[in-house]
Amino acid sequence: MHCEKYLTGACRSCQWLEQTPEQQIAAKQGQLQALLPEIEAIKFQTPVTGLQIAFRNKAKMVVSGSVERPIFGIIGENGVGVDLTDCPLYPASFSDIFSVLSPFIARAGLTPYNIERKRGELKYLLLTQSRHTGRFMLRFVLRSEKKLVQLKNALPWLQEQLPQLEVITANIQPVHMAILEGEEEIFLTPQHTLREEFNQVPLFIRPQGFFQTNPVVAAKLYQTAREWVKALNIHSLWDLFCGVGGFGLHCAEKETRLTGIEISAPAIASAQQSANELGLQYVEFKALDSTRFATANQDIPQLILVNPPRRGIGKALCDYLSHMQPEYILYSSCNAKTMAQDLKWLSGYQVCKVQLFDLFPHTAHFEVLTLLKRIVQ
């Protein structure tokens, strides 16, 4: 992938850009196998890859510069804004949005926030696109509600120029720190969710909710989980750390009893919306702490699916699973190091297969899916 910003040193987010795609995958697979030395090489499936450019469905842009000439991108090492609107990781459709947002900021009087002076209002622009519908969610991250009336008054012009903006919000982030968003979200459109679809499964993106940034490879990840679980003849499962329910909804059949657990109430609302549309009668999603929910239950399902944040599932949940011994555990991880530690804490299980998914090309990061089966004594 050619990137002028990388060549000039203005942006080095893609740390592995100088390696070929083949070299990147080989290095990642090598890292994964080194972290799991006790697993036979034959159990490692062929890595799953996707596009190398224009694969992201989300842009997180720091806004700097002036109200007349805003800069969307990052703040460089010299404290000056770096324009990343031409980043090759974004689809061409993103450029159309950014080109209109630039004059809109002047129309609305949204002064970019100056970190050194602690002045200004507009901190970030967060843009997400549904690959299924082509529609967008746009979020303005503001320091306060000071410019909210001006933003609302200017909004009809923006919507006329960009009818593909389906969800627009203002997020209030008053803290003078590198925190992406605040707790308060103000909807500026009647529509509150952005519809996506992977493998005929509807998924709904809401502000402040986690959603995979590489939809092509994410769809392959969910489809793989579906195929692995279908081969096991599962009738009951838990989806812990379920987010918007992508894994559980892919793995549940019409008669499957599925319980999805996630701490985020908006994510649970999205998951339940998907389940209702699919007509799944034996599915429930609850906004709870996954570890607390699991360890308080003695009636366990055949399969427990976990998709934790980077910290992993932790020793308490590993100890619980080792004691309760569900037939299968399906572990999806964005941090192979913590997953490897969790697998050491899990006792009474054997790894059936492991597969790497390259959701983050040009970086050292990747997703990994691991299927474990209870060892019959």
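**Reading the sheet, the helices and the cores**

Me: Which strands does helix α4 (residues 148-161) lie across, and how does it run?
Reply: Helix α4 lies across β5, β6 and β7. Its direction is at about 165° to β6. Helices (H or I, at least four residues) and strands (E, at least two) are DSSP runs, numbered from the N terminus. Axes are lines fitted to C-alpha atoms, for helices over the stretch in contact; angles run from 0 to 180 degrees between N-to-C directions.

Me: What kind of model is this?
Reply: This is a predicted model: local features need pLDDT of at least 70, side-chain atom pairs count only at pLDDT 80 or more, and totals for chains, interfaces and linings use all residues. Residues are numbered from 1 along each chain as its sequence is written, and side-chain values use heavy atoms, with hydrogens and water left out.

Me: How many helices and strands does the chain have?
Reply: The chain has 10 helices and 16 strands.

Me: In what order do the strands of the open sheet of 7 stand?
Reply: Strands of a sheet pair through backbone hydrogen bonds, either parallel or antiparallel. Here the order is β3-β2-β1-β4-β5-β6-β7, and the pairing is mixed. Two strands count as paired if DSSP finds at least two bridges between them. β3 (81-83) and β7 (184-187) are at the edges with a single partner strand each, so one side of each has no neighbour in the sheet. From one strand to the next, the twist averages 40°.

Me: In which sense do β6 and β7 pair?
Reply: Antiparallel, over 4 bridges, with β6 spanning residues 165-172. Ala170 has Ile186 in β7 as its bridge partner.

Me: Which strands does helix α3 touch?
Reply: Helix α3 (residues 92-108) packs on the sheet against β1 (58-65), β2 (70-75), β4 (122-129), β5 (136-142) and β6. Its direction makes about 150° with that of β4. Contact means heavy atoms within 4.5 Å.

Me: Which residues touch the most other members of the largest nonpolar core?
Reply: In soluble globular proteins, nonpolar side chains tend to be buried together. This core has 44 residues, and Leu101, Phe104, Leu125, Phe140, Leu151 and Leu158 touch the most other members. β1, α3, β4, β5, α4 and β6 each supply at least two residues. The largest share, 8 residues, comes from α3. Another core lies apart, with 42 residues, including Tyr222 and Tyr328. A nonpolar core is a set of buried Ala, Val, Leu, Ile, Met, Phe, Trp, Tyr and Cys residues joined through side-chain atoms within 4.5 Å.

Me: Is Ser290 buried or exposed?
Reply: Buried means under 20% relative accessible area, exposed over 50%, partly exposed in between (1.4 Å probe, protein chains only). Ser290 has 3% relative accessibility, so Ser290 counts as buried. Ser290 sits in helix α8. Residues up to four places away in sequence aside, Ser290 touches Leu240, Phe241, Ile261 and Glu262.

Me: What do the buried residues of α9 pack against?
Reply: They pack against β10 (236-240), α8 (290-295), β13 (303-306), β14 (328-333), α10 (336-345) and β15 (349-357). Helix α9 covers residues 314-324, and its buried residues are Leu317, Cys318, Tyr320, Leu321, Ser322 and Met324. Just after α9, Gln325 has a positive phi of about 55°.

Me: What percentage of the 377 residues counts as buried?
Reply: 53% of them do. The C-alpha atoms fill a box of roughly 70 × 45 × 35 Å along the principal axes.
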